[in-house]
Number of protein chains: 2
Amino acid sequence: MTDPNFAFTLEATSGMARLGRVETSRGGFDTPMFMPVGTLGTVKSLTPQDLEDVGAEIILGNTYHLYLRPGMGVMEQFGGLHRFMDWSGPILTDSGGFQFYSLSDLAKFDDDGVDFRSHIDGSKHRFTPERVVEIQATIGSTIMMQLDQCPALPATPKTLEQAVKRSTDWALRSLAVADRAPGALFAIGQGGTDVSLRIAHIEELSAHAFDGIALGGLAVGEAPEDMYDTLEAVTPSMPADRPRYLMGVGRPEDLVEAIGRGIDMFDCVMPTRNARKGSVFTRTGKLNLRNAGHRHDEAPLDPSCGCLACRRFSRAYLHHLFRNKELLGPRLATLHNLTYYLDLVRDARAAIRRGEYDTFRRSCHAGWTGGSHG
Amino acid sequence: MTDPNFAFTLEATSGMARLGRVETSRGGFDTPMFMPVGTLGTVKSLTPQDLEDVGAEIILGNTYHLYLRPGMGVMEQFGGLHRFMDWSGPILTDSGGFQFYSLSDLAKFDDDGVDFRSHIDGSKHRFTPERVVEIQATIGSTIMMQLDQCPALPATPKTLEQAVKRSTDWALRSLAVADRAPGALFAIGQGGTDVSLRIAHIEELSAHAFDGIALGGLAVGEAPEDMYDTLEAVTPSMPADRPRYLMGVGRPEDLVEAIGRGIDMFDCVMPTRNARKGSVFTRTGKLNLRNAGHRHDEAPLDPSCGCLACRRFSRAYLHHLFRNKELLGPRLATLHNLTYYLDLVRDARAAIRRGEYDTFRRSCHAGWTGGSHG
């Protein structure tokens with residue numbers, strides 16, 4: 001393993017679901033865990049204290065975005081992202097691979113790395129696996145992700161194989177320079193929904209000293225059931241003694257299904273992005289706060305939720321805020337959605353500890369499908 | 001006086017500056033006091049807890065805006081604005097008179113009231129002095145403002161006289177129905193910078209049982225010095241035993257000068273609106289956080305400030321947030337600017353208590369003009 005401060009302990013299982021504990025140089029967290037996304041060194045609209053209040057124990061930053069802004073000069077000056085944004089807990093940084101997928105017209109891959117143009121000003125840059133480790137070292141990342149290549153689905157077998165080959169090569173190149181950075185290093189398995197390709201990739205990566213194994217290239221266009229089937233077939237081949245991170249996933253039902261198939265860590269912009277549009281998650285389904293039906297609704301967003309928005313405000317007030325584009329609306333909805341996601345993984349952990357994960361999984365679905373969908 | 005729960009006690013003076021205490025049905029506050037503006041039932045980006053944290057003890061709502069959204073149906077259902085927005089302290093509601101000035105092409109005045117169109121959907125409405133008291137009763141306003149007519153400056157003597165005559169008439173009509181509402185009622189004196197007209201208006205209003213006297217129609221285009229001169233000539237004619245409220249004012253220097261001329265209460269969108277644009281107030285002058293000069297600045301906004309933004313973040317981080325249009329930027333800047341304003345009136349009160357207001361006033365100016373103006 002690359003980071004002596006990093007450790008994973010598997011504590012219990014319930015079916016394929018796993019309860020575990022990750023220790024890092026910045027403190028530990030229990031798994032399954034959801035990581036709020038703070039692309040640019042801020043989980044949008046929230047303070048670090050808010051993040052603690054909603055139960056966040058590890059957050060995400062983004063190498064590509066932080067490299068462009070505030071830039072490496074500021075990161076060096078502040079000794080990394082932790083002091084810059086005043087967050088003392090673990091930070092996992094995505095490598096930029098996914099940004100070159102989502103901003104694909106600005107990026108050109110070759111075997112050695114990626115040439116890309118900034119989405120902000122068009123300036124030219126180059127990332128290599130080694131450079132991405134260096135950047136993450138400057139950011140002070142607690143858990144680094146290797147630079148990978150993430151193809152959109154559906155993809156041809158040749159495209160998938162090339163992405164796998166390149167990602168393996170880049171994983172090993174990242175590992176070779178990992179001692180330049182203090183953080184742990186996770187490898188990223190690709191292979192789309194091609195189970196045998198994915199298993200081969202994972203087994204190849206698992207033979208090396210990565211601190212965790214991530215699954216990339218899922219939730220990129222395929223049907224949710226195809227993703228679930230892929231996970232179910234693939235996770236048994238992942239090393240049991242290392243954390244398994246499903247990147248960029250997903251909806252609450254995706255988390256519940258993926259945990260039931262052995263995934264430990266998640267990140268997704270959905271709770272934060274949806275919140276800014278007035279879309280909130282509840283135990284009885286999603287609500288769109290902009291709908292006029294909430295105008296006179298004195299109920300909280302979710303009566304079972306203990307977040308600030310649910311303790312102190314009505315749906316009618318939240319509707320009023322969104323209707324008038326008031327900044328407090330996105331803030332309260334973000335607090336709520338993150339609380340919802342972090343409560344969900346907390347409850348999943350409790351269910352695994354009791355050995356009743358499948359009961360929990362079914363009760364989640366029963367709540368969502370039985371509830372209102374405003 | 002119209003509200004038996006409302007009281008004003010003059011506690012000390014220093015020159016023309018006054019230290020006082022206002023008691024209301026929702027709790028008291030010391031004067032001079034600044035009231036953060038929460039036009040639509042939210043001080044933009046902040047929670048009620050944040051408002052308490054920055055030292056706010058009374059906030060503003062706006063009759064015109066709340067009448068349109070969320071509307072009287074929602075206000076009736078919730079029993080008023082306090083429960084709707086979860087703020088338990090005093091709320092002063094502006095009457096809408098100023099909105100008909102700032103949205104003048106949508107409003108048509110006659111002797112009985114104002115016909116206007118909604119700035120949102122063009123729908124037609126009518127406000128009369130009596131209707132505005134009723135609306136403020138529904139809102140549950142702690143301190144109501146009479147409907148008035150506020151002319152832009154410069155204005156012809158005839159326009160000013162007509163505004164004064166109409167505002168007096170409307171003040172008395174408001175007073176005649178004030179027992180329909182639980183809140184206190186303030187009258188609004190007009191007269192532009194015509195001192196004799198202003199004094200005559202104030203003396204006329206003061207002969208009646210208004211709980212406080214406001215000065216409207218200032219800071220609407222005239223030079224600051226003209227406003228200061230008007231205040232200095234006019235406040236000695238205002239009743240000493242009632243609070244004096246200078247509406248819609250202003251910059252920190254305006255507060256300091258107006259307090260020195262006997263004003264007790266202020267409101268202004270400046271600290272909140274400027275904050276959203278990245279403009280912050282400090283003891284050494286204003287800073288524009290979008291300026292590239294702050295990119296590497298590890299200093300807090302104001303080393304003498306104890307707000308969350310100053311305790312935990314650098315100017316460089318705030319610059320980064322504003323540069324990237326991150327929602328946390330306006331929130332932190334709003335917290336800071338309101339803390340700055342509320343610290344300013346707190347320090348003014350302490351100086352009046354010590355009998356050293358003019359020393360305080362001069363030290364404020366020395367700080368602002370001696371400091372950086374980023």
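**Why these labels: chains A and B**

Modeller: Of the 374 residues in chain A, 56% are buried.

Colleague: What makes a residue buried or exposed?

Modeller: Neighbour counts. A residue is buried if 20 or more other C-beta atoms lie within 10 Å of its own, exposed if 12 or fewer, and partly exposed in between, with C-beta atoms placed from the backbone. This is a predicted model: local features need pLDDT of at least 70 and side-chain atom pairs count only at pLDDT 80 or more, while totals for chains, interfaces and linings use all residues. Residues are numbered from 1 along each chain as its sequence is written, and chains are lettered from A and ligands numbered from 1 in the order written.

Colleague: How many helices and strands does chain A have?

Modeller: Chain A has 14 helices and 16 strands. These are DSSP runs numbered from the N terminus: H or I over at least four residues for helices, E over at least two for strands.

Colleague: Why is chain A called as compact as a globular protein of that length?

Modeller: Its radius of gyration is 20 Å, close to the 21 Å from the globule rule for 374 residues, so the label holds. The radius is taken over C-alpha atoms, and the rule is 2.2 Å times the number of residues to the power 0.38.

Colleague: Why is α12(A) called oblique to α13(A)?

Modeller: Their axes cross at roughly 130 degrees and come within 8 Å. Under 35 degrees counts as roughly parallel, over 145 as roughly antiparallel, 65 to 115 as roughly perpendicular, and the rest as oblique. So α12(A) is oblique to α13(A). Axes are lines fitted to C-alpha atoms, for helices over the stretch in contact, and angles run from 0 to 180 degrees between N-to-C directions.

Colleague: Which residues make that contact?

Modeller: Leu318(A), Leu321(A) and Phe322(A) of α12(A) meet Leu328(A), Gly329(A), Leu332(A) and Ala333(A) of α13(A). Contact means C-beta atoms, placed from the backbone, within 7 Å.

Colleague: How do you know that α6(B) and α7(B) are roughly parallel?

Modeller: The axes of α6 (157–176) and α7 (195–206) of chain B cross at roughly 10 degrees and come within 11 Å. The two helices are therefore roughly parallel to each other.

Colleague: How many residues does the contact take from chain A and from chain B?

Modeller: 30 from chain A and 30 from chain B. On the chain A side, α12(A) gives the largest share, 5 residues. By class, that side has 14 nonpolar, 8 polar and 8 charged residues. Nonpolar means Ala, Val, Leu, Ile, Met, Phe, Trp, Tyr, Cys and Pro; charged means Asp, Glu, Lys and Arg; the others, Gly among them, are polar.

Terms used
Two residues are in contact if their C-beta atoms, placed from the backbone, lie within 7 Å.
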